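Please look through the sequence and the model shown here before reading on. The briefing that follows goes through strands, charged pairs, aromatic rings and a surface patch in turn.

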Amino acid sequence: MTSLPTARAPVTEPPDDLLSQKVVPLRHPWRWVAGAAVLVVLAQAAHALITNPVFQWDAFGYWFFRPVVIEGLLLTLQLTALSAVFGLLGGIVLALMRLSRNPVLRAVSWGYTWIFRSIPLIVLLLFLANVTALYSTLSLGIPFGPSFVEFSANDLLSFFVVAVLGLSLNEAAYAAEVVRSGIISVDQGQLEAAAALGLPKGRQYRRIILPQATRAIIPAYANQLIGLLKGTSVVYITSLLELFGVVQTQASTNSGQIIPLLMVGTVWYVILTSALSVVQYYLERRFSRGALRTVPATPLQRFRARLRSAGVAR
Amino acid sequence: MTAAVSVRGAIKSYGHNRVLDNIDFTAESGRVTAVIGPSGSGKSTLLRAINHLEALDSGFVSVYGELIGVRVHRGRLKELSERAILRQRSRIGFVFQSFNLFPHLSILENVVEAPVAARQVPRLEAETRARELLAKVGLADKVDAYPRQLSGGQQQRVAIARALALQPRLLLFDEPTSALDPELVGEVLAVLRDLATAGTTMIVVTHEIGFAREVADHVVFLDAGRIVEQGPPAEVLVNPTHDRTREFLSKVV
C-alpha cells in the first residue's frame, strides 16, 4: 500500500461572517468579446446594404407598393393557397391509400409519389401548358365508355388552371409523404385502444390518430408550404405574372433597376415566409396539447409578463 | 353457474410459431380468472383473442353465449364485419399493460369518448357517469388533467375507468401492473380488488402471484401455448401437480 502524503497544507476555513454572503459567479469576458466582434461585422454589412448606391433604395421605395407588384403578390398568394389546399387534400388521400391493406391502392399511391417526385416542377408545368398538343378535348363520362360533357382543352386549361394543377400535383406527392410520416409516428397502441373501445373506424382516425399525427405533420408541412410559396415563382415560364414574373418583366423594361426590383421581390417573400412561420408557431402550440406537461408561454405572453412585473417592481 | 367466457379449441400461429395450441377453458360469471405463465407462453395472445384484437386460426371464443368476431355460415366459422366486431368489443372492457390513454384528450374526455362515440350515450349523461367512475378510482380531482401529467399508477386507474364507462359484461386486463414502479402497483391492485368484491367478471393476465392467490377464483397456468394446469389458486399456486408449474412458481415468488 502506498501511503498518502501526510504533509498537506492546513485547511483554513473561511470566517463565519462569509457564510451570509452570496457566491460571486464566474465572469466570462470572452463571451462579450465574441458578441462585440459579430455585432461589428453585422453593422458593416448593414452599412454596406444601406449606403451602396447599387441598391437604389429610392427605386425600391417606388416599386414596393406599385399596383403591378401588388397584383403579382396577390396572384402568388392565390396560387399558393389553392395549391396548398389541393395538395394537402391529395396528400391525405394518397397517404391513407399507401397505408391501406389493399395492395392496388398501395401500389397506385406509391407509383404516383414516385412519378411526381421524379418530374421537375418546371418540366411538369411546361408539359401541362402544352397538353393541348396531346389531348385536344377532355371529356367527363363513363371510363372507356360514352362521355357526357366535353371540354376543349384550350378553354379549360387557362394558364392559371395549368399552374394550380401543376403545383397541386407536385405538392400532393410530397404532402403524401409528410402526412404518412405523421400517421406512422403515432403509437400503434392508440389504434389498438380505439379498436378495443369499439370506436367506429372513421372516428378512430378523425378523433384519435389524425390529431396526434398533426403534431408531427405541422413542422414538416410548414417547410413544404414555404417551399411552395417560393416555388410558385417557377410558373412565370408559363407567362403567368405572379410576384417574381412581375419583377422579372419590369426589370427587363426598366433597364438598370434589376437590383432594386429583385430586392422588392425578396422582401415580399421574406414577409410572407415570416407570416407563415408565425402561423406555424401557434398551430404547433395548439396541437401540443397533452404532449407537453406544460405548454411554454408565447413570446407575446412573456413580453406582457415582463412589463407587468416591471410595473410591480416600480 | 353461467359461463361468461368460453374458449374452445383455440389455435393461433405466427408463421411456424404456434402461440396458442388447442386452448380450452371457461371463465365463470362474477368470478376472477387469473392467467399466469412465462413470457411468450401465449397469455396475452389468448386475452386479445377474447375480444378479437387477435383473430384465431381455428376454434372460437364466446362471451355469454355470443360468438366473438365470427358467425356460423354454412357449417363454417366466418369472420364478422368490422362494424359488428366493434359493436361486440364495446361490451368488453380491455385494459392494456401500457395504458394506451389518448394523450391529446383530457382525462374526462378519455373516459367519455367511447360511450358517446360507440354507444351514442348523451354527452352530459356520459360526463356525469365518467366523473363518478373517476371518483371511484380516486381521481376525482384530475378530470381536467392530461394523461402525461399523471403518474403511471394514476394513468392505469384512468384506463380502468375508461373501460368501465362502457358498462362491460366482462373486463380483460393484460398485465395491468407490469409497466408500473413497484410502489405504484398497490394502488392499481386495490382498484382490481374492489371490482372483484363487487362481483365483476374479470380475466387478468398477471405476474403478481400474490394478487392471484388472494383475489382470483380460478387460476390458469399457460406454457408454450398450452394450458398446463388450472383450478382454484389454493391448488394450482400452493400445491401444483405439474413440474413445469412448480418450476415457474419457484422463480417468480
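How many salt bridges does the structure hold over all chains? The structure holds 20 of them over all chains, a salt bridge being a side-chain nitrogen of Lys or Arg within 4 Å of a carboxyl oxygen of Asp or Glu. This is a predicted model, in which local features need pLDDT of at least 70 and side-chain atom pairs count only at pLDDT 80 or more, while totals for chains, interfaces and linings use all residues. Residues are numbered from 1 along each chain as its sequence is written, chains are lettered from A and ligands numbered from 1 in the order in which they are written, and side-chain values use heavy atoms, with hydrogens and water left out.

**Strands of chain B**

Helices (H or I, at least four residues) and strands (E, at least two) are DSSP runs, numbered from the N terminus, and two strands pair if DSSP finds at least two bridges between them.

- Strand E10(B), residues 202–205, is covered on both faces, with Met202(B) and Val204(B) buried on one side and Ile203(B) and Val205(B) buried on the other; buried means under 20% relative accessible area, exposed over 50%, and partly exposed in between (1.4 Å probe, protein chains only).
- In a regular strand the side chains alternate between the two faces of the sheet.
- Strand E3(B), residues 32–36, runs parallel to E10(B) and is joined to it by 4 bridges, with Val35(B) standing opposite Val205(B).
- Strand E9(B), residues 170–174, also pairs with E10(B) in the parallel sense over 4 bridges, and there Leu172(B) has Ile203(B) as its bridge partner.
- E9(B), helix H6(B) (residues 182–197) and E10(B) make a right-handed β-α-β unit, where right-handed means that, with the strands pointing away from the viewer, the path from the first strand over the helix to the second runs clockwise.
- An open sheet of 4 strands in chain B has the order E2-E1-E4-E5 with antiparallel pairing; E2 and E5 of chain B stand at its edges with a single partner strand each, so one side of each is left without a neighbour in the sheet.
- Within that sheet, E1(B) and E2(B) pair in the antiparallel sense over 9 bridges, and Val5(B) has Ala27(B) in E2(B) as its bridge partner.

**Charged pairs**

- Asp24(B) and Arg8(B) meet through their side chains in a salt bridge of 3.3 Å, N to O; the pair links distant parts of the chain, with Asp24(B) in strand E2(B) (residues 17–28) and Arg8(B) in strand E1(B) (residues 3–14), 16 residues apart.
- Arg169(B) and Glu66(B) form a salt bridge of 3.4 Å, N to O; Arg169(B) lies in the loop between helix H5 (152–164) and E9 of chain B and Glu66(B) in strand E5(B) (residues 66–67), so the pair ties together parts that are 103 residues apart in sequence.
- Arg169(B) is partly exposed at 25% relative accessibility, and Glu66(B) is partly exposed with a relative accessible area of 34%.
- Asp243(B) forms a salt bridge with Arg246(B), with the closest N and O atoms 3.1 Å apart; because they are 3 residues apart in helix H9(B) (residues 243–252), they are separated by about one helical turn.
- Asp243(B) is exposed, with a relative accessible area of 58%, whereas Arg246(B) is partly exposed, with 42%.
- A network of salt bridges links Arg203(A), Arg207(A), Glu109(B) and Glu113(B).

**Aromatic rings**

Rings of Phe, Tyr and Trp (its six-membered ring) pair if their centres lie within 6.5 Å, and planes under 30 degrees apart count as stacked, over 60 as edge-to-face and the rest as tilted.

- A search of the whole structure finds 13 aromatic pairs over all chains; among them, Tyr62(A) and Trp63(A) are edge-to-face, at 5.2 Å centre to centre and 85° between the planes.
- Tyr62(A) counts as partly exposed at 44% relative accessibility, whereas Trp63(A) counts as buried at 6%.
- The rings of Phe221(B) and Phe248(B) have their centres 5.2 Å apart and their planes at 35°, so this pair is tilted, and both residues are buried.
- Phe55(A), Trp57(A), Phe60(A), Phe64(A), Phe65(A) and Trp268(A) form one aromatic cluster.

**A nonpolar surface patch**

- Val54(A), Ile258(A), Ile259(A) and Leu262(A) form a nonpolar patch on the surface, with about 300 Å² of accessible area together; accessible areas come from the Shrake-Rupley method with a 1.4 Å probe, and for residues only the protein chains shown count as cover.
- Patches are made of residues with over 30% relative accessible area and no salt bridge, with like charges joined within 9 Å and nonpolar side chains (Val, Leu, Ile, Met, Phe, Trp, Tyr) within 5 Å.
- Ile258(A) lies in helix H11(A), residues 258–287, and counts as partly exposed at 42% relative accessibility.
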